[in-house]
Amino acid sequence: MGAGKKKGATEPALRVVGKAHRKVDAVAKVTGATKFADDLMLPRMLYAKLLRSPHPHARIVAIDTSRASALHGVKAVLTGKDLPIPFGILPVSQDEHTLCVDTVRFIGDPVAAVAATTEETATAALDLIDVTYEPLRAIGSAEDALAHPEPRIHDYGDTGNLHKLINLEFGDVDEGFAEAAVIREDLFFFEGNTHLPMEQHAALADWSADGKVTLWSSTQTPHYVHRALAKVLELAAARIRVIATPNGGGFGGKSDPFSHEIAVAKLAMLTGRPVKITLTREEVFYCHRGRHPTLMAVKTGVTRDGAITAMHFRSLLDGGGYGSYGVASTYYTGALQTVTYPIKRYKFQGARAFTNKPPCGPKRGHGTPQPRFALEVHLDKIAEELGIDPAELRLKHLQPPDSLTANYLRVGSMGLGECIRKVTAGSGWREKFKRLPRGRGVGLACSSYLSGAGLPIYWNHMPHSGVQLKCDRSGGITVFCGSTDIGQGSDSILGLITAEVLGVDPFDIRIVTADTDLTPVDLGSYSSRVTLMSGNAALQAAERAREIILPHAARKLDVPMTRIVFADSRVFDVENPEHGMSFAEAVQAAESAVGTVGTVGSYTPPKSAGRYRGAGVGPSPAYSYSACVAEVDVDPATGIVRVPTIWIAHDVGRCINAATAIGQVEGSVYMGLGEALMEEMTYRENRQVVHKFPSLLEYKSPTTLEMCDVITYIVEDPDPNGPYGAKEVGQGPLLPVMPAVANAVYDAVGVRIDEVPITPEKVLKALKHKQKGETPRYGPTTFPEIPWPEPTRVPPPWEGGDGKARDQAATLAGGVREERQH
Amino acid sequence: MNGKVSLVDMPESKVAITFVLNTEPCEVSFAPHKTLLEVLREDLGLTGTKHGCELGECGTCTVLVDDQPVLSCLVLGQACGGRSVRTVEGMAGATLHPLQTAFADLGAAQCGYCTPAFLLAAQALLEHNPKPSRDEIKQALAGNLCRCTGYIKIYEAVELAAARLLGEDAQPSREAMYGRR
C-alpha cells in the first residue's frame, strides 16, 4: 500500500466517508424537479437563435440584418461588430469572437444572433439575414494544415496553420535506445469523438436596470464564463452573476465559455428583457470541444525483461477552428505516459494544427486517452516480442509510489499493481489469454489520470477551490462552494465530508454551489479536480467549525476537549456517550460565546517539481490508476466486435461515496466502450469539411443492447494529498478500455487494429491483409515531417536534474508563464 | 413599437384539447403546431419531461400515452385529445414510487437529465411484465440513451423496484454499491 496518511486516513472509524449514499440531489432528479437551464422561464422572456456559417472557411464581405430586424417580433439582432473583444478559455488562445467578425472558420461558426418573442420568429429571422461570403481554401485535416500553411486560419500560432509545436527531451534518448535490447516503433490513430451530453447547451440571461446581468447556463466552469463575460461585455465582474445550472451531462463539453452565453447576455442588455437560448442537437455537435483526432508515433527501447530505457513519443493533433484548451491538450498527449511504468529517458514532440472543423478541446481524459491507447497497445506488442505475459510485464515495472518521473511529475500513492492483480484474477486472465477459441479473446490495459490539474488556467497564486460554511443555531449547516455538479455527485462530496467532520446527517446539510454571487471561487468541474480540491476545502472549513464549537461544548459538558466526539448529530463525551448535547445546542453554546459561527476553507495544490517551459501541464496533487481486462467476441465473417464483459479495477485512493464511485467507473467504461467500437466525429472527404452526421441517430453511441457487463473493483490506496486519501474516479477508468479492447481483438483473431474506433470494416480489412500474408493490421503507416523547434532539454531527476531546462535562463523569462496552463 | 400594435403581431390562434394528465382531467390551449413535449413544458409548466434532440432519436422526452411509452417530441399536442398522458411529475405521491426510490439509492440517476424518460419507460415495462429478465429490461430501454451511467445501475434499479413491487423485501446487492471484492 502507498503513502497515504493524511487526516482521516488513519482514523479508526469513519462514520460517513466510504459508505454508499444517496446523492443529495437524488430525489430532485428522480422526480423531475431539478431545474436545468432550459427549464427556466422568466416573464417577458425572449428567445435567441444564432445564425451559423454554411462555409468551412470564408471571409465575411457584408452582413445585412435589416430584413431580419424588420420582422415583427424581432427585438434585437447582433453581429460581430457589436462584440469586438475576443475571448477563449486559455490566456494564450483568445481567438474566439461571440459572432465572427471577418472570417468564419468552420461550418457552424456563429455569425449573427437574433432575439425575438418566440423561438419560431427568431428562427424565421435567421433566414432574413443576408451574409455575403468570399470562400477561402478550407483546411480539412492536420496533414492538410501541414502541407498548406496558407491561407492561415488564424494570424497567430507557431507557424502557418500549426497552432502549437512542442519538443521536450528528458535525458538523452539516443543513449537510452543504445542501451535497449529491443526497440519497437508503432503508429496509431485515434479518431475524434464528442461528449454527446443528453442535455443540449442552454443559457438564460437577465438584465436589470441597475446595471447588473445574471446568466444561468449549463456550464461546467461558471468562474471562467464569469471572466469571459466581464471581458467581452466590458462590464465590471462584480455586476455579473453567473449561475451554473445542474448540467445534464458535461464530460468536458461545457468547459469553455461559449458564444451563445455571451450573446444572450448582450441581447438581454440591449432589450432589457430576459433572453434564453437552447441549442439544437446539431448545434451541440458544432460547439464540440471534443476529443482531438490524433496521429501518434511511439518508439520504445526495452531491456530483455521489459524495463523501458527510452521512449520517443510524437503526436499530431487536429485542433479544429479555434484554440480552446488545445495547447493544454497537446501537452497532455505527452505528459502522463511516465506515471505508470518507469521511463528512464523520454522525448515528447507534439503538434496541434488548426483546421476548418468545429474546435476540439477537453473530453473526459483530456488529451491522455489517445496516447494511452497507443502506449498500451504498443506495450502489448512489446510483451509479445519479449515473450512476457502482458500483465507480468506491467507488474514487473510499476512506477514506485512517492517518486518523481522523468518529466518531474510527483507520484504519491500508486495502486496500479493491486488493480492489475484484481482484474487478472477476476477475469481468469491466466486461463483465457491465448487460450480461448478463435474469435474469442481477452486484452489487458492500464492507465492513470490526474486528480485535478496542478496549475490554474490563468496565472495566479490564489486557491483553486474555496468553501464557506455557515453553522446555524438551529443545527443546520450550509456549505457554499463554486464547484458545479455535472452529475458526478460533487455536491454530495461536499456534504459527506462536512457531515463526517461535524458528526451530522449529510441530508441536514444544505449545499449551495456554482453561483458567482454566493459561492467562493472553485475553478470548475474539469480535470477530475473537484473531489480532491473542493473536498479539501470543505474538510478545512468543517475542521475549523469544529475547532470553534469544540471548546464551548467541552466547557458546557465539563469534559476535556480531547474526549469530545461529534457524531449522530450530537456532541458528547466519548467515555460517557449519554453525557452530551445536540449538535444544535453545541452551536448555540459557541454562538453565545463568540458570535455567529462561520468558517472558510480553501485548497491550493502543492508546488510542482518541474520548472521547465511546459511543466505546467501534467502535475497533479494525486494520480489515480486503473487496470482493465476486456473480453471480446469477433465475428471473422463480418468483422463485428462484441464485448460481453469488462473487468475494471480503479485505485480511487479512498471512496468518499461508494455508490457514486461505482457509477463513475461504470459510466467511464461505457464511454470508453463507445470510443473503442463506434463513436467518431467525422467529415465528408472533400474540402467542404461537412460534418457527416451531426445527429444523435447517426453518431453511434452504445445503447443498452451494445453495453457490456462490467465487473468493478474499487482499490483504495489513500493519497496523502486527498481528503481522507481520496483521488479521482470520473475520468481515469475510461482510458484503459480502448486499448484493452484492441488487445483483445488481437488475442481473438490475430490482427492489430491500431486505430479507434475499431469498426467492422477495419477488422475485415486487417483480416484480409492477414489472409494475403501481408501485415495483419489496420492503422496509419506514415507520420509526416513536422518542423519541430529545438528541443527543451531537461535532465531527469536521476541525472542530477533540478526540474529546470538546460539553458533555461533564455526561455524562462519569456515562456514559463504562458505555458502554465491547466 | 411606438405603442402601435397591428394584427400581424398577434400570436397565431390556439387550439384547445382536453385530456387526462397524470390521472387528472386537464384542458389546455396552445399553438396548433406544438408537440406534446412543448405543450407539457411550455403551456403546462411541466418541465420534468426533457429533450435531447427533438427529432425522435434519443428517447429523453419519453412519456406514457395510454400507458405506452411515446416520444413526446414526435407527437402533436392536438393528437392527445381524450388520451391519458403520464409524466414524471405524476409518479410520486407523498412518497416516491419504488422505481424512483431504487433509482435514487443505486445512483441510477447521475446527471438526471434522461432519468424521467427511463423511469417512465421502466414503469411501462413493469406494468406489462412485473418480473422482467435482464434481457427484457435491456430491450425495453433500448430506445433511451444515457451517457452517464452505462445503464448498469438502471438495470439494477429496475430489478430492485420490480422485486419490491411484487412485495419482496429486496435490498441492493453489496456488489452494486461497493463493487466486487
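Tutor: Two strands count as paired if DSSP finds at least two bridges between them. Strands (E, at least two residues) and helices (H or I, at least four) are DSSP runs, numbered from the N terminus. This is a predicted model, where local features need pLDDT of at least 70 and side-chain atom pairs count only at 80 or more, while totals for chains, interfaces and linings use all residues. Residues are numbered from 1 along each chain as its sequence is written, and chains are lettered from A in the order in which they are written.

Student: What makes E21 and E25 of chain A edge strands?
Tutor: The open sheet has four strands in the order E21-E20-E19-E25 (chain A), with mixed pairing. Strand E21 (509-513) and strand E25 (597-603) of chain A each pair on one side only, and that makes them the edges.

Student: How do you know that E19 of chain A pairs with E25(A)?
Tutor: The definition asks for at least two bridges, and seven join E19 (residues 465-471) of chain A to E25(A), so they pair, running antiparallel. Within this pair, A:Ser465 stands opposite A:Tyr603.

Student: Which residues make up the contact between chains A and B?
Tutor: Residues are in contact if their C-beta atoms, placed from the backbone, lie within 7 Å. The contact takes 49 residues from chain A and 44 residues from chain B. On the chain A side, the largest share, nine residues, comes from H17(A).

Methods
Contact = placed C-beta atoms within 7 Å.
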